Amino acid sequence: MAPRLQIYLKVSSAGTSEGGCPFSGRVNMVTRLKVPESDYEFKPIDMDNKPPEFLKVNPSGEVPVLVDQETGLTVTDSGKITQYIESLYPNPPLKSNYDGPAVEATGGVFGGLAKLLFFKNKDEIPQLKANLTAELKKVDDYLKSDARKGKYLLDNEFRELDCMLVPRLRHVEIAGKYFHNYEIPSELTALTEYNRVGQAAQIYQTIIPTDEDIVKSWTRHGVQRAV
Ligand SMILES: N[C@@H](CCC(=O)N[C@@H](CS)C(=O)NCC(=O)O)C(=O)O
């Protein structure tokens with residue numbers, strides 16, 4: 001019998017489930033950290049050639065998607081999927097239901113990057129870069145605050161919120177540089193260190209996409225180099 005949880009993630013160029021989608025990366029890591037191997041199966045989806053079986057499961061065509069064969073439930077959206085996994089497998093606790101200041105502080109990073117990459121005219125690029133930096137500064141401010149209790153976002157364990165943020169920071173780093181020559185400002189010292197430690201974490205190294213797959217994930221949507 002197929003494993004209970006069927007999890008659809010974006011494919012990589014190598015054909016694995018570690019493609020350049022930060023939402024898939026979040027679910028991929030949470031699954032690996034919590035779910036026994038016998039209970040899940042990753043299904044890598046080629047986004048340029050979505051199989052009918054996948055579109056039947058999620059007609060919107062977005063990844064990630066989780067299908068629980070035991071309950072017949074289909075869950076879309078990375079945040080909902082990771083909460084669902086946490087409800088089924090409470091241990092180890094990844095604090096998927098955490099709703100404190102780190103959520104607010106980290107929530108605008110990916111949107112800031114997307115707005116820059118999808119700029120409408122060249123005149124607005126400096127402002128869009130400043131906006132992205134302002135979002136990153138919110139994370140830096142939080143990391144420098146007393147609310148943070150360890151080397152990762154919440155404490156000394158790589159939690160669900162780290163599974164959310166680290167892949168997004170990798171996109172800022174790789175896509176920001178490639179398309180706009182944008183670099184995370186070095187004065188954001190706490191963020192720079194968090195990014196280094198987070199990307200070095202074993203669980204992220206297990207799923208880290210190639211730079212080419214990150215770039216490809218944006219060019220697929222028409223993003224072009226502005227440098
Ligand atoms: N809010 C969703 C966003 C998921 C999303 O945007 N996925 C992208 C890939 S990274 C997608 O499937 N896009 C449709 C496509 O590329 O055809 C989540 O958190 O899961």
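K95 is partly exposed, with 18 other C-beta atoms within 10 Å (buried would take 20 or more, exposed 12 or fewer, and partly exposed is in between, with C-beta atoms placed from the backbone). Everything here comes from a predicted model, where local features need pLDDT of at least 70, side-chain atom pairs count only at pLDDT 80 or more, and totals for chains, interfaces and linings use all residues. Residue numbers start from 1 along each chain as its sequence is written.

**View 1. Two non-glycine residues with positive phi.** K95 has a phi of about 55° and sits in the loop between α3 and α4. D77, not a glycine either, goes to about 85°; its place is the loop between β4 (73-76) and α3. Helices (H or I, at least four residues) and strands (E, at least two) are DSSP runs, numbered from the N terminus. D77 is partly exposed too, with 15 other C-beta atoms within 10 Å. For context, most residues other than glycine have a negative phi, and most peptide bonds are trans.

View 2. Going from V63 to P64, the bond is cis, with omega near 0°. P64 lies in the loop between α2 (52-57) and β3 (65-68). The bond from N91 to P92 is also cis, with omega near -5°, and P92 lies in the loop between α3 (78-88) and α4 (101-106).

**View 3. The shell around the ligand.** Look here for K10, C21, F23, M47, G61, E62, V63, P64, D77, S78 and G79; a residue counts as near if its C-beta atom, placed from the backbone, lies within 6 Å of the molecule. By class the shell has 5 nonpolar, 3 polar and 3 charged residues (nonpolar: Ala, Val, Leu, Ile, Met, Phe, Trp, Tyr, Cys and Pro; charged: Asp, Glu, Lys and Arg; polar: the others, Gly among them).

View 4. The protein chain splits into domain 1 (5-88) and domain 2 (101-219), with bounds from an automatic or database domain assignment. Their centres, taken over C-alpha atoms, are 23 Å apart. Across the boundary, 15 residues of domain 1 are in contact with 18 of domain 2 (contact: C-beta atoms, placed from the backbone, within 7 Å). Helix α1 (residues 22-34) supplies the largest share of the domain 1 side, 8 residues. That side has 5 nonpolar, 7 polar and 3 charged residues.

Notes
Two residues are in contact if their C-beta atoms, placed from the backbone, lie within 7 Å.
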